[in-house]
Amino acid sequence: MSDTAVNHYVSELHRLQKEMGCDNLARLREAAIGRFQSQGFPSTRQENWKYTDVRPLTRMPFSLPETGMVADHEAWLNEARLPGLDCHELVFVNGRFSAELSRTDGLPEYVVLKNLAVALEEDRTLIESLIGEDNADSNPFNTLNTAFILDGVLLSVPTDCIIDIPVHLIYLSGFSDEGFAAHPRNIIALEANASVTVIENYVGADNSRYFTNTVTDAFLQENSSLTHYKLQQEGRGSYHIGNFNILQAASSRVYSHSISLGGSLVRNDIHAELKAEGAEIALQGLYMGTGKQHIDNHTRIDHLSPSTQSRENYRGVLNDQARGVFNGKVVVHKDAQKTDAAQSNANLLLSDFAEVDTKPELEIYADDVKCSHGTTVGQLDQDMLFYLRSRAIDEETARSILTYAFAEEIITQIDLQPVREYLEYRVIGRLPDADLIKEFTV
Amino acid sequence: MLNIKNLHVTVDDKEILKGLDLTVNAGEVHAIMGPNGSGKSTLANVLAGREGYTITKGSIDYEGKDLSGMAPEVRAREGIFLAFQYPVEIPGVNNIYMLKAAVNAKREYIGEPPLDAVEFLNLVKEKVKLVKLKEELLNRSVNEGFSGGEKKRNEIFQMAVLEPRLAILDETDSGLDIDALKIVAEGVNSLRNRDRAIILVTHYQRLLNYIVPDQVHVLFDGRIIKSGHRELALKLEEKGYDWVKSEAAA
Ligand SMILES: Nc1ncnc2c1ncn2[C@@H]1O[C@H](COP(=O)(O)OP(=O)(O)O)[C@@H](O)[C@H]1O
Ligand SMILES: [Mg+2]
């Protein structure tokens, strides 16, 4: 069906390879594009893509962004920055790293934080060992990202190192360079007992069409801890596909917050493997769609060892003709006794034309486990609405207040105050009567 | 102040109020009593403007204005207040900010400047004493985790802050122990004045020991079948509703 599109990316890759000369990763890219060719773009006949049709994105021949492009991005940078947050900041414009906009000084010794293009020169063996080969059955977009590996971030934190100051990765997209595809690749490697907070913030212009195909790989050694925020605020005409792959060693901990507000066609995949005893993961998510936005969240957690724990709580708010998808798969493998997994997904439909498909999936091959899941789809509570209106509050304001209260349950879980406040502001800003409801936060 | 004439109301095509007449003047307290299912809450909801109730016949006149078709928030700004029989919990919505928004929406409607944070807080401090509500409850989500009695007191507290012209209290007394009942009654009594009318919906006369009504009405099967004074409530308690029913049928 999308052979033309596949071929387009193949020839784009050959163009890139020529441009790059025979760089270190030529072989890796070549192998990946080969695998992508045999995978092709996913179709809705595949179970994992049943509700998300990627054809709109295959119809457009997205090219690699022109390099050296400098847009007037100061205003956008201010949109992306989190007031009150002291952070290390790496900025990408249309997929390419901007050294002049970035600041990473004051990092502890032996911590590696650099853009991938530089790291590919300096730390090639590390990167090759971390990326390795994707599985044949992995997500084709993940494979496509590997094929176009060019830039992104390498963050490597040595044993016992605790980085207090969060790392903020800002991806600004869509200014003037129409129809480009960016494939940022981020690699986060935490040695034993290391700890860090990473914020990925995707911000884009509404008036241009572009395609972000991002992959983040996180490798956690024993007892390390990663707090990860993904703020997806792409432009309204953009396509955003994101894969977040997590490998966890014993007693490591991941706290993931995924907030999806932008984009026209969005798919976020998180795949976590809890590979050793005592590993824990908590996934929080919020997706809010208006207009004709389509936002799909797929998560898969593999419990591969005993006494591992997962918590998942996603909420969706869909208005107008927006469509949401939630698919949360938890697989408890046969050795993973004493697994403790709980999942919930709640959705609020604000219009008769909004839609959501929600599907929890539990596969359990061990016998001594504690697993639960629950999903809900509903509308604003009429009793609550009437209560507020009977207290002199406008219907529209009352609807906004209740919508925000629903979304807020996810936002209040965010410990990092500047992130929380930024999101409160962002989420409230999307609702009618923003000024009035700002006060209502509990 | 309130003039209801031959009111017929249906819910889901089922007629619940079947020709109800009621006149309440400023300064008066009216008790409406009646067995479960007779239509008391329906009347309260219709007055407050809840959706899903269709007026098929008759009229409701409030201060010279026709209430039918008026949005609930506009009624509230016009001075109507409903203390709910079952106050809903609203997670994530701060009790005190909701009340501040309510006060200021009302003030804006009547052309007064909004209260600032300090003025509002002073008002709250003064009124919260009236119903002996723990101040820590104020900063929680609306009614969330409140005991039954606290919810009812919160309703009266809101009434005290919002200073309505017409207050409808739907079974504010049910589920209260005697101490809580006294507190609520004192709160309500302190809010009685010349300009304010209060409708007390109850099916126990015990509330009326503490709040003495000007009139008592018996609502049965969607109609007011008997009206009288305080003694009527006592007689109802003693003899039940059957004698009123047979009297009305005769
Ligand atoms: N939302 C509703 N849908 C259908 N029937 C209702 C609804 N609300 C009330 N009723 C019916 O209307 C009648 C009167 O109820 P209600 O006004 O609550 O009585 P009361 O408050 O006097 O106990 C009852 O028969 C009740 O079942
Ligand atoms: Mg009732």
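A: Helix H8(A), residues 382–390, is largely enclosed by the rest of the structure, because seven of its nine residues are buried (under 20% relative accessible area with a 1.4 Å probe, protein chains only; exposed is over 50% and partly exposed lies in between). Helices here are DSSP runs of H or I with at least four residues, strands are E runs of at least two, and both are numbered from the N terminus. The model is predicted, local features need pLDDT of at least 70, side-chain atom pairs count only at pLDDT 80 or more, and totals for chains, interfaces and linings use all residues. Residues are numbered from 1 along each chain as its sequence is written, chains are lettered from A and ligands numbered from 1 in the order in which they are written, and side-chain values use heavy atoms, with hydrogens and water left out.

The buried residues of H8(A) are Met384(A), Leu385(A), Phe386(A), Tyr387(A), Leu388(A), Arg389(A) and Ser390(A). Just after the helix, Ala392(A) has a positive phi of about 75°.

The domain assignment, which is automatic or taken from a database, divides chain A into domain 1 (2–276) and domain 2 (381–442). Contact, meaning heavy atoms within 4.5 Å, involves 18 residues of domain 1 of chain A and twelve of domain 2 of chain A. The two domains bury about 1,200 Å² between them, 69% of it on carbon and sulfur atoms; buried area is the accessible area (1.4 Å probe) that two parts lose on being put together, summed over both. On the domain 1 side, Tyr229(A), Ile259(A) and Leu261(A) lose the most area to domain 2 of chain A, together 38% of what that side buries. One salt bridge is counted between these domains, the term meaning a side-chain nitrogen of Lys or Arg within 4 Å of a carboxyl oxygen of Asp or Glu. Glu79(A) and Arg426(A) form a salt bridge with an N to O distance of 3.5 Å.

Chain B also meets chain A, with 35 residues of chain B and 21 residues of chain A in the contact. About 2,300 Å² is buried between the two chains, 63% of it on carbon and sulfur atoms. Five salt bridges are counted between chain B and chain A. In the salt bridge of Glu155(B) with Arg391(A), the closest N and O atoms are 2.8 Å apart. The largest share of the side of chain B that touches chain A comes from H3(B), with seven residues. That side of chain B divides into 19 nonpolar, eight polar and eight charged residues, where Ala, Val, Leu, Ile, Met, Phe, Trp, Tyr, Cys and Pro count as nonpolar, Asp, Glu, Lys and Arg as charged, and the others, Gly among them, as polar.

Elsewhere in chain A, Lys329(A) pairs with Glu363(A) in a salt bridge, the closest N and O atoms being 3.3 Å apart. This pair links distant parts of the chain, strand E17 (residues 323–332) and strand E19 (residues 355–364) of chain A, with the two residues 34 apart. Lys329(A) is buried at 18% relative accessible area, whereas Glu363(A) is partly exposed at 26%. Salt bridges that share partners also join Arg389(A), Glu395(A), Glu51(B) and Glu73(B) into one network, and Arg389(A) is one of the buried residues of H8(A).
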